Amino acid sequence: MTNAGGSNEAFGVYVHWPFCLSKCPYCDFNSHVRHAAIDEDRFARAFLREIETTAQRIGHREVTSIFLGGGTPSLMQPQTVGAILDAIGKNWRVASDVEVTLEANPTSVEATRFAGYRAAGVNRVSLGVQALDDTSLKALGRLHSAREALDAVAIARRSFERYSFDLIYAREHQTAQMWTEELTLAIREAAEHLSLYQLTIEEGTPFFALHAAGKIKTPDEALARELYDVTQEVCDRHGLGAYEISNHARGGAECRHNLVYWRAHEYAGIGPGAHGRLDIGGTRHATSTEKRPEAWLMRVEANGHGLAVDDGLNSEERADEFLLMGLRLAEGIDPRRYTALSGRPLDPRRIALLREEGAISVDDQGRLRVTQAGFPVLDAVVADLAA
Ligand SMILES: C[S@@+](CC[C@H](N)C(=O)[O-])C[C@H]1O[C@@H](n2cnc3c(N)ncnc32)[C@H](O)[C@@H]1O
Ligand code: SF4
């Protein structure tokens, strides 16, 4: 697959649907609840317009992955999804093996749309299951039961060649034994891919206030570490090793779209609050659009795009981003690419020190990887290397 400039890098398109039926108390994604009906056709027209404007700006590319994320994209009508995919196909060339993922909430209503999404061109779904017991789902503010989530997984299995689901662990009252059992059950229901996120208490969310007031307790460091280790052990045992800090897949079943981010390739961000990384005139641009859905809509209607940020990255920033994203991956990074981006190599003394501590390894080809022991302290490792 080749892209602009003759490179063989992947090119992804991310499309953000910013609405949800209710706001989960732990979530700080750009998601909004509207009590009045949403003018979906108007939003669809704006998506099409922003796709066209972005394509005119960056020119030819071959799209290797598309990700419809949210919010809750499974609230979109299949015809809206179809129109978005058609617009991408009209404005760029699309690889014959393009991966098209749609994020879905596992309620029965949404699962009824799966056949329509498939007909529209979606070939992979990612379901937000979050937990497999009803008490935890209730505590997480979810609108679905465990049974409903598993039914949605079964419909996904019948409807798509590829599916994944998300679980959140390190929840209140969760022991290593409970998580082992839940994860084992999840793996039985999974096919090729699972995303397993440790609960993060995000500032500004209801969970943040409850946590600060001592009304929600999250695991202490030792238990969090134990839960992380259980995750790796159970998944490894079942052939679902981590290819990224929170993502597990059988060989070859990695989410290609997410690899675009972590390998620091190029992607366009469409929709409210979507981020992009675009190479324009030899410079990597970091873009993001207006986050508020209706404000974004009006901007697109007036200007053809909803861009709020459009910054050219200097070589240092690009190199740091490459390091930050790449070290999340089990495959690690090629330090030569870091040198090419920043104009200077990583500090060999820091590499030696981190190797001695067992936080990173370097293989025969020179690839640098964070070790199992280093992953729980990934931020510190990256900060050390980038310093
Ligand atoms: C953009 S969300 C969307 C998925 C979909 N709307 C849903 O909730 O089913 C992607 C995933 O991020 C994870 N997530 C969101 N907030 C989180 C938090 N505070 N801590 C850990 N994981 C979180 C959840 O597993 C969620 O499925
Ligand atoms: S977790 Fe998903 S459903 Fe819940 S508010 Fe966030 S984006 Fe919406």
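Modeller: The shell around ligand 1 has five nonpolar, eight polar and four charged residues. This is a predicted model.

Colleague: How many residues surround ligand 1?

Modeller: A residue counts if one of its heavy atoms lies within 4 Å of the ligand. The closest are Gly71, Asn105, Gln130, Arg142 and Asp166. The number surrounding ligand 1 is 17.

Colleague: Which strands each supply at least two residues of the shell around ligand 1?

Modeller: Three runs of sequence matter here: 124-130, 162-169 and 193-198. Each gives the shell at least two residues. They are strands S4, S5 and S6.

Colleague: What share of ligand 1 does the protein bury?

Modeller: Start with the polar contacts. A backbone N or O atom of Gly71 lies 2.9 Å from a ligand nitrogen. A polar side-chain atom of Gln130 is 2.7 Å from a ligand oxygen, and an N or O atom in the Arg142 side chain is 2.8 Å from a ligand oxygen. Taken alone, ligand 1 exposes 560 Å², and the share of that buried by the protein is 92%.

Colleague: Now helix H11. What do the buried residues of H11 pack against?

Modeller: H11 covers residues 293-303. Its buried residues are Pro293, Ala295, Trp296, Leu297 and Val300. They pack against helix H1 (40-58) and strand S11 (283-289).

Colleague: Which residue follows H11?

Modeller: Its phi is positive, near 90°. The residue is Gly304.

How values were computed. Residues numbered from 1 in each chain as written. Chains lettered and ligands numbered in written order. Predicted model: local features only at pLDDT ≥ 70, side-chain atom pairs only at ≥ 80, totals over all residues. Heavy atoms only, no water. Buried < 20%, exposed > 50% of the residue type's maximum accessible area, 1.4 Å probe, protein only. Helix = DSSP H or I, 4+ residues; strand = E, 2+ residues; numbered from the N terminus. Contact = heavy atoms within 4.5 Å. Polar contact = N/O pair within 3.5 Å; in protein donor to acceptor, adjacent residues only side chain to side chain. Areas by Shrake-Rupley, 256 points an atom, 1.4 Å probe, with all protein chains shown as cover. Nonpolar A, V, L, I, M, F, W, Y, C, P; charged D, E, K, R; others polar.
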